[in-house]
Amino acid sequence: MSGSSPVKTKSVNGVVDEPPGVPRERRPSLPARIAGNQASLLVLVIILLVVLFGVLNPIFFSLGVAGNILVQWAPIALIAVGETFVIVTGGIDLSVGSTLTVSSVIAAFAMAGMTGAGWPDGLVLLIGTLVAIGIGALVGTINALLINFAKLVPFVASLATLGAGAGVAVVLTGGGPVAGGPPSAQGLAVPWLGPLSWPAIIVIVVVVIAGLFLHKARFGRYTFAIGGNAFAATASGISVRKHVAKVYILSGMFAGAAGMVLYLQLGSGSPSAGYGEELIAIAAVVIGGASLAGGAANIGGTILGALLLSTLTSGLIIINVDANWNQIVVAILIAAAASLQALRGIHRRKS
Amino acid sequence: MSNRTASKTWARRVVTVTSVAALAALGLTACSSATSGGTGSGKKSYTLGFVVGASSDPFFQAMKVGAQKEADKLGDKLIFQGNATTYSPATQIPIVNQVLALNPDGLALAPTDPTALQSLVNTANSKGIAVVNVDSQVSDLSKVISFITGDNNDGGEKAADTMAKAIGYKDGGSYQVVVGLTSATASTNVARLDGFKKQIAAKYPGIKIVATGYSQSNSTTANTNINNWLTEFPKLNGIFAIDGTNATGAAAALQSKGLTGKVALIGYDAYKTNVDLIGKGVFTALIAQNPAQEGKDAVDTLDKYLRAGKKATGIDKSVTLPNIVLSKDTSAADLQKYTYVQNG
């Protein structure tokens with residue numbers, strides 16, 4: 001086609017000129033390029049939402065609101081990032097909500113004991129965090145054992161731990177929250193550096209590291225390999241069972257860390273803290289462009305998906321919309337994102 | 001189709017869906033944001049936040065009606081928010097944070113947990129936002145200009161009296177009851193259970209509470225709890241459903257097992273659907289609060305305080321509204337009067 005004169009074609013966004021000499025196939029339009037990259041699309045949607053909310057109520061543009069959005073985003077981002085690893089392998093971890101709760105509750109008990117014994121706040125919080133992550137790793141191990149040895153599919157295995165975890169949390173606490181930890185805990189969840197609170201800062205660092213881990217490190221490559229074709233992965237020498245176990249333990253650890261973040265927000269370990277969070281995490285991952293079949297995901301997309309969800313929730317409150325509508329809008333987003341991902345997959349196969 | 005056409009179609013779909021979502025959000029504000037109070041009267045209009053537990057609970061819906069009416073009357077703007085379905089501090093705290101970020105002049109709060117919400121009340125105070133507590137309270141009431149609630153202790157006692165009468169209590173007899181609550185932390189639930197237990201210990205020692213459970217304002221959870229108890233305790237004499245959602249779940253459980261009239265059911269909160277069931281014998285009695293009045297009083301108190309230049313003169317630090325027992329013997333007029341009003 002080189003050498004032919006430019007052909008004017010109409011696209012939905014206006015007239016597009018073909019620069020001479022460039023074959024049609026190699027020049028996707030700007031909208032297509034944005035749509036082709038879920039992450040950039042999400043940035044666009046988030047910006048649109050921010051503008052929309054800000055226009056409807058200018059107070060949306062304040063540091064306080066931004067701070068709140070990030071405080072809400074932090075635990076969601078953590079469990080969504082853990083969930084991303086799992087979904088890349090073609091599995092799913094439904095237990096993260098309960099893992100969050102159980103970790104939060106057990107860490108709360110530990111911290112109450114230490115504070116009661118007079119230990120300094122900083123040390124108590126550090127140990128509490130380790131306890132929470134440890135419990136998360138424990139639940140992840142149970143998931144891995146159910147999948148690798150009991151031969152349960154991930155959906156069923158993590159569904160079982162979801163239910164058991166929630167039950168354990170209620171049994172341990174008797175239904176009420178576990179307080180008595182370091183008194184400075186709730187203060188740590190408050191934004192201090194502009195809109196950034198300590199949890200937000202730490203989560204940003206953690207998810208960036210996780211992103212590098214998934215997309216650059218060998219661990220990540222193995223994860224994608226298993227998700228793409230587990231058979232081929234085994235054939236190329238990857239110990240799939242071991243790796244899968246690591247991924248579920250990792251997911252559990254992220255959920256445990258999120259449990260600690262919620263502890264800071266509430267000032268106590270609540271047996272209802274993580275209720276329903278697994279669906280929000282999966283929504284963030286799907287909106288971020290992952291394929292539930294495995295092999296395709298993007299930590300950047302996940303992080304933006306989580307940000308989109310928390311921006312939406314906060315924005316709807318700021319413009320004083322009834323809370324019920326939140327779920328409907330989120331559902332539309334998930335459907336749109338999943339549809340895009342499917343189309344992108346068909347697109348790739350055709351080209 | 002060619003790559004470019006496919007990309008265009010796809011981009012088109014993206015734009016469509018995004019616009020739909022955006023328009024939906026815009027449309028929703030038009031439908032559901034509170035009408036701004038009457039302007040042009042020359043009076044200053046205050047912005048009042050009002051955050052409850054589970055906003056779908058008819059108790060809180062009635063509270064919203066009462067609060068909105070009063071706000072409209074006084075010319076104030078009301079921002080009424082609350083998680084749609086779950087009564088818990090984990091869901092309430094982010095909402096309170098966002099409402100506080102709007103810098104309202106005052107905040108009416110029905111805290112789902114007395115300690116978890118305390119720091120937010122403190123934050124509000126430090127920002128100069130006046131706070132009242134409605135229905136339930138935070139632990140430190142010194143930060144709160146007024147606490148408006150129903151008399152929960154008394155309600156629990158009245159429930160015990162009604163329960164004893166309904167099961168035909170005789171001294172020396174042994175009776176089993178279960179108690180369904182919404183939350184282990186809501187001060188309302190705690191106070192009602194306290195009142196119930198104290199009255200039983202004092203006057204009806206033969207009654208034993210064999211089980212308690214929590215449902216977080218979810219009637220389905222309440223229903224499951226009570227179904228299980230009905231199976232576990234075949235000789236169960238009575239159920240005390242400590243809030244409206246438990247009452248709904250309990251009524252459904254009794255009806256589905258055909259135990260209407262055989263197990264006494266004392267419920268709380270006069271939801272219209274449950275009030276109708278008194279006549280059908282499903283409920284022995286319902287203990288009605290007055291949430292519309294509580295909402296009205298909360299808005300009124302905040303407005304008075306702000307208009308007086310943030311002075312607490314003439315403001316009751318604690319307002320306790322009496323509970324009413326609704327039963328077969330209550331007049332139709334009274335039943336109508338105390339049924340919780342719903343949004344039109």
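Visitor: Which strands does helix 10 of chain B lie across?

Guide: In this predicted model, helix 10 of chain B lies across strand 1, strand 2, strand 3, strand 4 (130-134), strand 5 (146-150) and strand 11 of chain B. The helix runs at about 165° to strand 4 of chain B.

Visitor: Is helix 10 of chain B largely enclosed or open, and what is its reach?

Guide: Of its 17 residues, 13 are buried, so helix 10 of chain B is largely enclosed by the rest of the structure. The helix covers residues 291-307 and reaches 24 Å from first C-alpha to last, close to the 24 Å expected at 1.5 Å a residue. Just after helix 10 of chain B, B:G309 takes a positive phi of about 75°.

Visitor: How should I read the strands, and what is their order?

Guide: Strands of a sheet pair through backbone hydrogen bonds, either parallel or antiparallel. Here, six strands of chain B form an open sheet in the order 2-1-3-4-5-11, with parallel pairing. Strand 2 (77-83) and strand 11 (318-321) of chain B are the edges, each pairing on one side only. From one strand to the next, the twist averages 15°.

Visitor: How many bridges join strand 1 to strand 3 of chain B?

Guide: Four bridges join these parallel strands of chain B, residues 47-54 and 106-109. Look for B:L48, which stands opposite B:G106 in strand 3 of chain B.

Terms used. Residues numbered from 1 in each chain as written. Chains lettered and ligands numbered in written order. Predicted model: local features only at pLDDT ≥ 70, side-chain atom pairs only at ≥ 80, totals over all residues. Helix = DSSP H or I, 4+ residues; strand = E, 2+ residues; numbered from the N terminus. Expected span 1.5 Å × (residues − 1). Buried ≥ 20, exposed ≤ 12 C-beta atoms within 10 Å, placed from the backbone. Pairing = 2+ DSSP bridges. Axes fitted to C-alpha atoms, helices over the stretch in contact; angles between N-to-C directions. Contact = placed C-beta atoms within 7 Å.
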